[in-house]
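Below is a short note for a colleague who has the model open. Please read the points beside the coordinates.

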Amino acid sequence: MKTILWTLLSLTISSPLYAGTLPTSQDHEFESTDSSARWYFGFGPAFLSGLNIGGTGVGIEGARLWPVTSAEIRLALDFSIKGSAYMAGAGIGANYFVLKDDISPYIGGEFGFGLAKADGDVGITGETNGGFTFAFGVGVQFFRRSSVHLDLGLKGRFLLRSATHGTPQVYVLHAGIVF
């Protein structure tokens, strides 16, 4: 009886009536088979706050990435500067990919250590603070099936210690590559 049911089920699924209508893993999912570590480099405009300066600076970021199912673990360094004010951070975190497709939005977070220097009135003067940081990120990664990916996103980093001018924070709109 078991053999007859299995044969009928196999014939039904393979019949031309159902051909191409059943979902396959290729239709709806993308799981990277490459589990080797990758590098990330990105840059873009940076908006610093709580550092006695206004306007737009520049931010750069580098990271080592380790892919896991639907996510990637990150060990990241970033630096943003505007005038004599800057904020630098190092952290460990993860990005979670919402879709398992070649193009996928992601959300992420990081915890680490950072250093922030407020803009001073003259040259290199200004208050410097260091301490733990928290960062969050959202973005979209393109071409995930290829060896080089394009990453577009927004990352915010907050120093978990107040300074004279408020809580140092930076927001960076970045374009980057994963290779």
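1. Basis. This is a predicted model, in which local features need pLDDT of at least 70 and side-chain atom pairs count only at pLDDT 80 or more, while totals for chains, interfaces and linings use all residues. Residues are numbered from 1 along each chain as its sequence is written, and side-chain values use heavy atoms, with hydrogens and water left out.

2. Strands 1 and 2. Strands are DSSP runs (E, at least two residues), numbered from the N terminus, and two strands pair if DSSP finds at least two bridges between them. Strand 1 pairs with strand 2 in the antiparallel sense, over 10 bridges. Phe43 has Ile60 in strand 2 as its bridge partner. The two strands form a hairpin with six residues between them, and Gly50 in the turn has a positive phi of about 75°.

3. Strands 1 and 8. Strand 1 also pairs with strand 8, in the antiparallel sense and over eight bridges. Here Phe47 stands opposite Tyr171 of strand 8.

4. Most residues other than glycine have a negative phi. Asn52 is not a glycine, yet its phi is positive, at about 60°. Asn52 sits in the loop between strand 1 (38–49) and strand 2 (56–68). Ser70 likewise has a positive phi of about 60° without being a glycine, and is found in the loop between strand 2 and strand 3 (71–82). Are these residues buried or exposed? Relative accessible area (1.4 Å probe, protein chains only) defines the classes: buried is under 20%, exposed is over 50%, and partly exposed is in between. Asn52 has 38% relative accessibility and so counts as partly exposed, whereas Ser70, at 13%, is buried.

5. Ser80. Which residues is Ser80 in contact with, leaving aside its neighbours within four places in sequence? Contact means heavy atoms within 4.5 Å. The list for Ser80 includes Ala46, Leu48, Val58, Gly59, Tyr86, Val170 and Val172. Ser80 is part of strand 3 and is buried, at 2% relative accessibility.

6. Aromatic pairs. Rings of Phe, Tyr and Trp (its six-membered ring) pair if their centres lie within 6.5 Å; planes under 30 degrees apart count as stacked, over 60 as edge-to-face and the rest as tilted. The structure holds seven aromatic pairs. One of them is Phe111 with Phe132: the ring centres are 5.5 Å apart and the planes are at 15°, so this pair is stacked. It links distant parts of the chain, with Phe111 in strand 5 (residues 104–117) and Phe132 in strand 6 (residues 128–142), 21 residues apart. Phe111 is partly exposed at 44%, and Phe132 is exposed at 53%.

7. Phe158 and Tyr171. The ring centres of Phe158 and Tyr171 are 5.7 Å apart with planes at 80°, so the pair is edge-to-face. Phe158 is in strand 7 (residues 149–159) and Tyr171 in strand 8 (residues 169–178), so parts 13 residues apart in sequence are tied together. Phe158 is buried, at 19%; Tyr171 is partly exposed, at 25%. Together with Phe136, these two residues form one aromatic cluster.

8. Arginines over rings. A charge sits over a ring if NZ of Lys or CZ of Arg is within 6 Å of the ring centre and within 35 degrees of the ring normal. Arg74 lies over the face of Tyr40, 5.6 Å from the ring centre. Arg144 lies over the face of Phe97, at 4.1 Å from the ring centre.

Methods
Helices (H or I, at least four residues) and strands (E, at least two) are DSSP runs, numbered from the N terminus.
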